[in-house]
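The following exercises ask the student to read a structure step by step. Each task is followed by a worked solution.

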Amino acid sequence: MLADIFINPFVDMFAAPDFLMQVLWEGLVSGILYALIALGFVLIFRSSRIFNFAQGIMVVFAALTLVGLHAYGVPAWISVALTLGVMFVLALTIERVVLRPLVGQPDIILFMATIGITLFLIGFGETIFGGENKVMISSELGIPTGDTVMEPFGGLLILQHLDITVVIVATLLVLALLAFLNYTQMGRAIRALGDDHQAALSVGISLQTIWVLVWFIAGIIALVTGIAWGARAGVSFALEVIAYKALPVLMLGGLESITGAIVGGLMIGMLEKLFEIYWGQPLLGGNTETWFAFVLALIVLLFRPQGLFGEKIIERV
Amino acid sequence: MRQMTKLALAAVVAGVTAGAAIAQELYAPNLAYRTGPFAATGIPLMNGQADYLSMLNARDGGVGGIPVNAEECETGYSTEKGVECYEKTKGKAIVTQPWSTGITLQVLPKTNVDEIPILAPGYGFSPMMDGKTFQWAFNAPSGYWDAADMIVQYLEGKDGDLSGKKIVHLHLDHPYGKEPLPVLEALAAAKGFELLPIPVGLKEMQNQSAQWLQIRRERPDYVIMWGWGAMNAGAITEAVKTKFNMENFIGVWWAGHDADLKLVGAEGKGYKSISWSFPNPDAPVMADIKKHVVDMGKSQSNPEEMSGVFYSRGIVISAILAEGITAAQDHFGTAEINASQLRWGLENINMTEERISELGLDGMVPPFSTSCANHTGNSGGWMLEWDGDKFVKVSDLLTPNTDGYADLVADKAAEYATSNAPWPMNEECSAES
């Protein structure tokens, strides 16, 4: 038993390094997508202290809008632009109709409001687009298909061109977001709001504008995530559950930390895959990915309650 | 006083009207799921069911002249919501259609008390075949244990001998996915193949890379799949991605949905699915549905969906219900049957080739019959194969070797009855009846 836990998995890794590389690659692809979804949560939380329960359904809504518009004959890239427009209108509407009237209310009220947004978008989305599985317009968007087969160490490593594209695009998006947050006036305003609401408001930062902006950014992230996951297994309301995979990422990385979202996403993506393949499947019958990330996050929280990169909150009485 | 008289009169009129309204329909609620992660597979089935009954209502005034009201109660495939829907609709229902193995297991004991038949065609708890124990439950025309047996038979026919082979059972980590395991385990022991169950969690349905990495590592000879909803699409795309030989990938009937295969198109060629239903666009029933439902603007379906396996299965499911109603109406000499009478009807269905043809369902369902002792019917099924564009039949009718697991059915039924004691048995029902 001890050998199965402490020795055999590592023997397996060294015996088939090509397979280990495949596991790590699959973990990296999942991880970067988790990181992307987690970023959507973090941005909104930092600027408004709202835990956006609707992030998952926004992924579905964005992907369905894109596919739906294309089905009406709109060219692929124009559909992307129009979908971004729809996500902007959605952000604007949420700010005006849901968030603005609730300014100053306890956080839990705002959280409940995002559950309301989720339920509304589910109903609205199903009414407009139906619940059927739809094919993502990957080829129309120029997303490469096919794969590159390599033979490292005399073995087999398959890299899907779709996955390579996803990794590149998601990385670029993360870098662009970091640049936006660090080097632009609006980005600094978002960070300022996250650091100190009152101080930010006192220097003239507009809460309404920032809220619209962060919800729009969350919409962009939702669209990219929806395209990436939709291209893998179709566009349906099942995509919503993907977003819940970001919850342990937030617990691990810290709800306020952009770095935490990125590092946490990558860590969970790769570690859960390694654990599942080398420990979960041989010892526990598999399907450990459903709980591994949460257990890992809980262990981290035991030692760092604010998460790996979260800010320690000190409240003086 | 005058006001009181008016009120009393109004109450009487309302009562008579309501009574008449209730009497003029057969209420057969459907615990449907058109929303949530499983909607993609639920919608074509529900559309097929609804369109067939709408056609009967429009063409024949219902069944035996009484319209069938198959009102849908949305569950989203959630077991909790399913139970709520059952409770909400059971008052005047003559049947309940739970539409999930999880919901079926939950309402199974309740239907004994409420005396409402469960109609779960091709799903639910496999020992429901034992009509003496499960007098209110029906899973005709074929159950999951039949499916497991037929798939193994097919593989045997292809390979000759399964001894020493490795077969992966890729399944949804849900009661439905685990349902065939007892028979698969028994068949593995009897035929000498290695069975490797690989579960897929509900949150992992669209990201099955870990499961397919395990399949790559284990190098199985075959993968059989008990998948549903988004899991099917996830598995099929991963199989293509990892270059698994699709010829060796076989799903149960709920994993044979055209839309899931269209995601991979030609790359999915060779994928198979055992099925007790098959679309036949030239069947007379399709023309009737077009005339009485589609052309009247009453259908929620579309031509592409209507040509698929799942829509046609929805039609067959409603036809089974209608046959049960007809049998009960004929036997009891009344068109307005109750739940108890429908129970009798459902266990006296006799779908011969002639009857199937009479119903206009030619080629869409194999012949089968139910009895007091056998609530499954064990119709058997065809092996379907994806040709890159649609499913085609690649086998003659396969029939399950029910003798091979008759003892298992009896044991599991007895085990269920014991653990849910006191469990009422249908003592009038002998094993041969």
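**Exercise 1: The neighbours of a strand**

In this predicted model, strand 7 of chain B is joined by 3 bridges to strand 8 (residues 249–251) of chain B, and the two run parallel. Determine which residue stands opposite B:Ile224 in strand 8 of chain B, and describe the pairing of strand 7 with strand 5 of chain B.

*Solution.* Step one: the residue opposite B:Ile224 is B:Ile250. Step two: the chain passes from strand 7 of chain B to strand 8 of chain B by way of helix 9 of chain B, a β-α-β crossover that is right-handed. Step three: strand 5 (residues 166–172) of chain B pairs with strand 7 of chain B over 5 bridges, in the parallel sense. Within this pairing, B:Tyr222 of strand 7 is the bridge partner of B:Ile167.

**Exercise 2: Buried or exposed?**

Explain why strand 7 of chain B is largely enclosed by the rest of the structure.

*Solution.* Step one: on one side of the strand, B:Tyr222, B:Ile224 and B:Trp226 are buried.

**Exercise 3: The contact between the chains**

State how many residues each chain gives to the contact.

*Solution.* Step one: chain A gives 33 residues and chain B gives 34 residues. Step two: the elements of chain B that each supply at least two residues of its side include helix 2 (39–60) and strand 6 (194–200). Step three: the residues on this side of chain B comprise 15 nonpolar, 11 polar and 8 charged.

Key:
Residues are numbered from 1 along each chain as its sequence is written. Chains are lettered from A and ligands numbered from 1 in the order in which they are written. This is a predicted model: local features need pLDDT of at least 70, side-chain atom pairs count only at pLDDT 80 or more; totals for chains, interfaces and linings use all residues. Two residues are in contact if their C-beta atoms, placed from the backbone, lie within 7 Å. Helices (H or I, at least four residues) and strands (E, at least two) are DSSP runs, numbered from the N terminus. Ala, Val, Leu, Ile, Met, Phe, Trp, Tyr, Cys and Pro count as nonpolar, Asp, Glu, Lys and Arg as charged, and the others, Gly among them, as polar. A residue is buried if 20 or more other C-beta atoms lie within 10 Å of its own, exposed if 12 or fewer, and partly exposed in between; C-beta atoms are placed from the backbone. Two strands pair if DSSP finds at least two bridges between them. A crossover is right-handed if, with the strands pointing away from the viewer, the path from the first strand over the helix to the second runs clockwise.
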